[in-house]
Structure formats: structure tokens, C-alpha cells
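This report describes a single protein chain for a reader who is new to structural analysis. Please look at the sequence and the three-dimensional view before reading on.

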Amino acid sequence: MTEHEPRVPEVFATGIAADDVTDRAPRLVESPRGKLALVRDGDQIVAIDAWCPHLDGPLWEGSSAGGEIACPWHRWRFSLETGRCTWAPKGDAEEAAETSIDVYATALDAAGRVEVTLGPR
Ligand code: FES
């Protein structure tokens, strides 16, 4: 980082109510780090990369279950805890084993809206 580069805030307030993030309806948000998808994982909300690392599918249009998000395009699945790819079709398995997404922790503000911890750059 240069002396004149703006600092990115560590916590990003999305303004989105946690109740509006469901298993079948992740939400797309524009953070200071770029687009993120808010995804429900049971009682928790996590923020992940918006774009699938396979072929840039829209992960916010995927669905979550069992601690994973499934990409809507070719069904690769990613752990919502580690970000690692947990499943891909047989022909993609070798590439998928080396693939992961970034996962960011979240918290709720006093009104139940999601805040994303982006961490230091
Ligand atoms: S673009 Fe996501 S699995 Fe292919």
C-alpha cells in the first residue's frame, strides 16, 4: 500500500437485514473490496466472493445447504467455512481440488443488519 492509497474500512455495513438472506436467496452487495454474496448457513450469515472461481458464475444466484454454497452454473460446491471446493463433476475434480473462494465473517448490528469483517488488506 502506498502512502496515498485510501484505506479500506475493516467493517462494511451492508444495510441488509439478516432475515432477508435465506437458503434460496443469497444477496449481492457492493463492498469496498468489490462484489460479495451474503449467504445463509443455518443461523449464521457469511460473506463470500460473488463470482465463482470456475468460470465466473454468479454465486449469489446459488443455493446453500449443509454448510455449502452450490454455484448455479455447473454445480461446483464450496464450503462456507473454509472456502474450499468440496464437490465438482468428475471431469473438473482435479482443477476443483485446488480451488477456493474467500469467506468473510459477519456480525449483526443492533437493528439486525449484516456487517462484514473485511480484515486488513
Ligand atoms: S461457473 Fe461456477 S461451477 Fe462453473
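**Overall architecture**

The structure is a predicted model. Its chain contains 1 helix and 11 strands. Read from the N terminus, the elements follow the order β-β-β-β-β-β-β-β-α-β-β-β. The radius of gyration is 15 Å, close to the 14 Å that the globule rule gives for 121 residues, so the chain is as compact as a globular protein of that length. Along the principal axes, the C-alpha atoms fill a box of roughly 45 × 40 × 20 Å. Of the 121 residues in the chain, 32% are buried. Among the contacts between residues at least 6 apart in sequence, 39% join residues at least 24 apart.

Strands of a sheet pair through backbone hydrogen bonds, in either a parallel or an antiparallel manner. In this model, 4 strands form an open sheet in the order S2-S3-S4-S9, with antiparallel pairing. Strand S2 (27-31) and strand S9 (103-104) stand at the edges with a single partner strand each, so one side of each is left without a neighbour in the sheet.

S2 pairs with strand S3 (residues 34-41) over 5 bridges in the antiparallel sense, and Val29 has Leu36 in S3 as its bridge partner. S3 in turn pairs with S4 over 6 bridges, again in the antiparallel sense; here Ala37 stands opposite Ile48 in S4. Finally, 2 bridges join S4 to S9, and these strands run antiparallel. At this pairing, Ala47 stands opposite Tyr104 in S9.

How many residues of strand S4 are buried? In S4 (residues 44-49), 5 of the 6 residues are buried, so this strand is largely enclosed by the rest of the structure.

**Pairings of strand S11**

Val114 and Val116 form a covered face, whereas Arg113, Glu115 and Thr117 form an uncovered one. Leu118 is partly exposed, with 19 other C-beta atoms within 10 Å. Leu118 and Pro26 are 92 residues apart in sequence, and their C-alpha atoms are 18 Å apart in space.

**The nonpolar core**

Which residues have the most contacts inside the largest nonpolar core? This core has 28 residues, and those with the most contacts inside it are Leu36, Ala37, Leu38, Val39, Ile48 and Leu59. S3, S4 and S11 each supply at least two residues of the core.

Leu36 illustrates how separate parts of the chain come together. Leaving aside neighbours within four places in sequence, Leu36 is in contact with Val29, Ser31, Ala47, Ile48, Asp49, Ala50, Tyr104 and Val116.

**Residues with a positive phi**

| Residue | Phi | Location |
|---|---|---|
| Gly42 | near 65° | hairpin of S3 and S4, 2 residues between the strands |
| Asp56 | about 65° | loop between S4 and strand S5 (63-65) |
| Arg75 | about 70° | loop between strand S6 (68-70) and strand S7 (77-79) |
| Gly112 | near 80° | hairpin of S10 and S11, 4 residues between the strands |

Asp56 has a positive phi although it is not a glycine, and Arg75 likewise has a positive phi without being a glycine. Are these two residues exposed or partly exposed? Asp56 is exposed, with 11 other C-beta atoms within 10 Å. Arg75 is partly exposed, with 14 other C-beta atoms within 10 Å.

Terms used
Residues are numbered from 1 along each chain as its sequence is written. This is a predicted model: local features need pLDDT of at least 70, side-chain atom pairs count only at pLDDT 80 or more; totals for chains, interfaces and linings use all residues. Two strands pair if DSSP finds at least two bridges between them. The radius of gyration is taken over C-alpha atoms; the globule rule is 2.2 Å times the number of residues to the power 0.38. A residue is buried if 20 or more other C-beta atoms lie within 10 Å of its own, exposed if 12 or fewer, and partly exposed in between; C-beta atoms are placed from the backbone. Two residues are in contact if their C-beta atoms, placed from the backbone, lie within 7 Å. A nonpolar core is a set of buried Ala, Val, Leu, Ile, Met, Phe, Trp, Tyr and Cys residues joined through C-beta atoms within 7 Å.
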